[in-house]
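Let's walk through this structure together, one step at a time. Have a look at it first.

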Amino acid sequence: MSKTQIPYKIYLSENEIPRHWYNLNAVMPVKHDPFLNPATLKPCTKDDLRPVFCDDCIEQEFNRTDLYIDIPEEIRDFYKMYRPSPLVRAYCLEKALGTPAKIYYKFEGNNTSGSHKLNSAVAQAYYAKKQGLKSITTETGAGQWGTALSMAAAYFGLDLTVYMVKVSSEQKPHRREVMRTYGAKVIASPSDTTEAGRKILKEFPGTGGSLGCAISEAVEKAVTTDSCRYVLGSVLDHVVLHQSIIGQETKAAMEKYGIQPDMIIGCCGGGSNFGGLIGPFMGDKIMGKNNIDFIGVEPASCPSLTRGKYAYDFCDSAKITPLARMYTLGCGFMPAPNHAGGLRYHGMSPIVSALYHQGYMRAVTVEQTKVFEAAEKFARIEGILPAPESSHAIRVAIDEALRCKETGEAKTILFGLTGTGYFDMTAYKQYNDGAMTDYIPTDADLQKGFDSLPDIPQNK
Ligand SMILES: *Cc1c(COP(=O)(O)O)cnc(C)c1O
C-alpha cells in the first residue's frame, strides 16, 4: 500500500483483539537465570512463591516452553472496554520535523488509569479471583499502577490495599482519590501498619519513602493476611507476558497495512511495556526473520541498563523478595531528589536484561529537561499530553527522525506511547517555570548503590 493510504489511526476491530499473549521466554535461545531463594541461594521453586503470588501467575512465570499463551475470555472481555488501542501514524510530527522518516506510535493512554498498566492489572486480578482469593495488595509510586489495579479489583470484586510512596501520595492527592473511588484502601508508605514500614520509619524518620520500601510493606501484608496475594506491576516475566498484548496488536495492525518497522523504541522503568511492545517483533528477530533496531530508553539519573551491573539483586529495598539476576543499580539505590520524570526503579526486567546482555537490543539514556522539551513539542503537535515516562521514548524517536533528516533515510520508526500525563503537572510546572534541572550520578554515587548488592558467590 502506498503511504497516503495509511490512515492517521489504525484500529483493529474488536474481533481482532489478539487471543494469545506472546511468551518471549519460549523463544530465547539462552534463558535468563532463575530467581534465587535468598535464604538458601537455590533456585526458587513454585512453592517458594505460592504464599506471595497467585498460582496461575506463578505458572506463567515459570513457563519457558509455550510461545503463545491463551488470553482467557474473561480478560479479553475486559480488554474490549478499552482495546484495541490505536496505532497512530504521526503525520503531523513528521511534517513538523521535516523528516523523511515514517513515525508510528502505539497509544496505551486511552483508559481511565491512563497507561498500559491496566493490561496486566486485569489479568492478575482475574487470576486472583479465579483462585478464590478475597484480597490483593500492591505498592504504587507515581500512582498509575495503583489506579490500574484499583479498576481491575473493582471489576472482579476483590479488596485491594495499595501502599503508596509517601511523597507521591502527598504530591498527587488526586491520584489517591481516583484509587479510593474505585474502592481501594490507600496507605502512605512507609507506614506503621507493617514490620518493614516500622523498621524504615525508625531508621529514617521523616523519609518520603521509596518504591522498594512500599514493595516490602505490600509483600508483608500479603503473606500475613488470609486469602491475600501480592501483585506486581512490572519487572516479572508474567507481567511482561501480559503486556505482550501491546506488541501482538501492533504487529497485527502493521501487517494489515504491510508496514515493517526498522526501529522500535520504548521507555524502560521495570521493562514491562518495552518487553511487551517488542515481544513478537523480538521473537522474529531471534528467529532470524527481521533485523529491527530495538532501543530501550532510560533516564540519565536512573541508568540501570547503561550503567548498572548484571547481578543478582533483591527486587525491593527491605531485601525480602527473591533475588533476580538483572541489570541493577543496587536495591539501596535512591534516585536524585530532582528527578521528576518517572522510571525510577533500581532494577530491570530479567527478560529485558537478558536480551540486552545477549546483544539483541541497545539502550540509551536521556536527561529530563530534554525529555520535557520533547513532551511539550509532542503535546503541541500531536495533541496528546504525554506521561513523562512515555516522553523518554518520544525524545529518542524525535532524535532518530532528525537523524533521518540528515542522512535522507526514510526509516520506519515505531515507539510506545505508554500513557498520558494529566497527574504529572508538578513535573510539568517545574519545566514550565524553568526550574527543572538535570542530574547525572557520578560513579561514586552509583557505587553506593552497588555496595548494597547481595554479597553472594553468584555475584563474584
Ligand atoms: C509505569 C509506567 C512506565 C514504566 O513501566 P515499565 O514497567 O517499564 O513499562 C512507563 N510509562 C508509563 C505511563 C507508566 O505508567
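Strands β11 and β14 run parallel and are joined by five bridges, with Pro299 standing opposite Val366 in β14. Here helices (H or I, at least four residues) and strands (E, at least two) are DSSP runs, numbered from the N terminus, and two strands pair if DSSP finds at least two bridges between them. Keep in mind that this is a predicted model, where local features need pLDDT of at least 70 and side-chain atom pairs count only at pLDDT 80 or more, while totals for chains, interfaces and linings use all residues. Residues are numbered from 1 along each chain as its sequence is written, and side-chain values use heavy atoms, leaving out hydrogens and water.

On to the partner that β11 has in β10: these two strands also run parallel, with five bridges, and Cys267 stands opposite Val297 in β11. Six of the seven residues of β11 are buried (under 20% relative accessible area, with exposed over 50% and partly exposed in between, using a 1.4 Å probe and protein chains only), so the strand is largely enclosed by the rest of the structure.

Now step back to the whole sheet. It is open, has seven strands in the order β1-β4-β5-β15-β10-β11-β14, and its pairing is mixed. β1 (9-10) and β14 (362-366) stand at the edges with a single partner strand each, so one side of each has no neighbour in the sheet. Elsewhere in the sheet, β5 (residues 102-107) pairs with β15 (residues 412-417) in the parallel sense over six bridges, and Ile103 has Ile413 as its bridge partner in β15.
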